[in-house]
Amino acid sequence: MTAAAVAAAAPPALLHAVGDRALTWLDNHREFFRLTAEERASGTVFERLKPIGELALIMQVLFREGVAGSRQHTRASRLLDFAWRELLDGGTVLTELQRDEPVSPVALEVYATFRQLGYRAPALEAAVEVSRRTTTWKTLEMMPNRRLGVLNAERKAGLAPSEDFDGAVSRTWLGRLPEPWTVQYNIAYDITHTVFHLTNWGEAPDRIPPEIASYLALYLPAWMEDWLDAENWDLLGELLVVDTCLPRPTLDARIWERYAAAQSDTGAMPAQCGMPEGDTSDVFDDVHHPTLIAVFASAMATSRALQSA
């Protein structure tokens, strides 16, 4: 029997608690997502937009999966409104970026989630449409799983895909089903993001082709063990999300208990080993991503656990 076949599933209460604590920390530290005037003027907006886009995506997951209690729902709604109105200036930041970097898909990738949630920036949509008419938009060189992310953003924004989605999947590392023992740090992140884009961040697990789902079911438990042993909570959290996208997720109780134990008393999830020390803003930069992923993994796993109960 495989490890997946014998693993005991974590209880929903444990799964939910991880996300509840993480969301509390994110809400309490939301001001640290803010772009400074210096960052907007110096052209470093790209790096600062990624966390804002991830924040929107994961709040959307919370709403979609229906596992947020009233307190969580209020926090998530407040964070989304703060992100759009305060961090992105009602979409102006994204519109400016699109005009400054017309062939970059970053503004669209961030905007697509907000658009689905009812926030609109017509000037940005018009600028994106002009860019999408160029040959460069379709041929800009990028990693295969990154191209998949652009295609998924187009789909979310209601735009015609700039290339064939299935063809893009086949060019990813995961789409080729390579030797599982070659997986290392960067490849593991490529795997998780291929699954995220393929399933629209867990919304449609059935979009994973059967041969890829079988491959992941066979080897994912071993990869989770590797990153659990390394105490890499950021990558382990992403792999736990991948588990929830499989036809028969393990929701492995032993792994989830270790993952939950790594979380700080404040709700922040360290990236690796224990919580870093130092200035609050520096600590935020180190832990905001694994903490966002903790909310993501918790929402997906709680939803799957309740479905199978």
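Tutor: Trp201 counts as buried because its relative accessibility is 9%, where buried means under 20% relative accessible area, exposed means over 50% and partly exposed lies in between, with a 1.4 Å probe and protein chains only. This is a predicted model, in which local features need pLDDT of at least 70, side-chain atom pairs count only at pLDDT 80 or more, and totals for chains, interfaces and linings use all residues. Residues are numbered from 1 along each chain as its sequence is written, and side-chain values use heavy atoms, with hydrogens and water left out.

Trp201 sits in the loop between helix 12 and helix 13 (210–229), and its phi is near 55°, a positive value in a residue other than glycine. Helices here are DSSP runs of H or I with at least four residues, strands are runs of E with at least two, and both are numbered from the N terminus. A positive phi in a residue other than glycine also occurs at Leu177, where the value is near 50°. Leu177 belongs to the loop between helix 11 (165–170) and helix 12 (185–198), and with a relative accessibility of 32% Leu177 counts as partly exposed.

Of the 309 residues, 54% count as buried.

The largest nonpolar core has 103 residues, of which Leu49, Met59, Phe114 and Tyr259 touch the most other members. Such a core is a set of buried Ala, Val, Leu, Ile, Met, Phe, Trp, Tyr and Cys residues joined through side-chain atoms within 4.5 Å. Helix 16 (residues 280–308) gives this core its largest share, 13 residues. Leaving aside residues up to four places away in sequence, Met59 touches Leu23, Ala76, Leu79, Leu80 and Val295, a contact being heavy atoms within 4.5 Å.

Leu23 is also among the residues that Arg75 touches, together with Thr24, Asp27 and Asn28, again not counting residues up to four places away in sequence. Arg75 lies in helix 5 (residues 70–87) and, at 16% relative accessibility, counts as buried.
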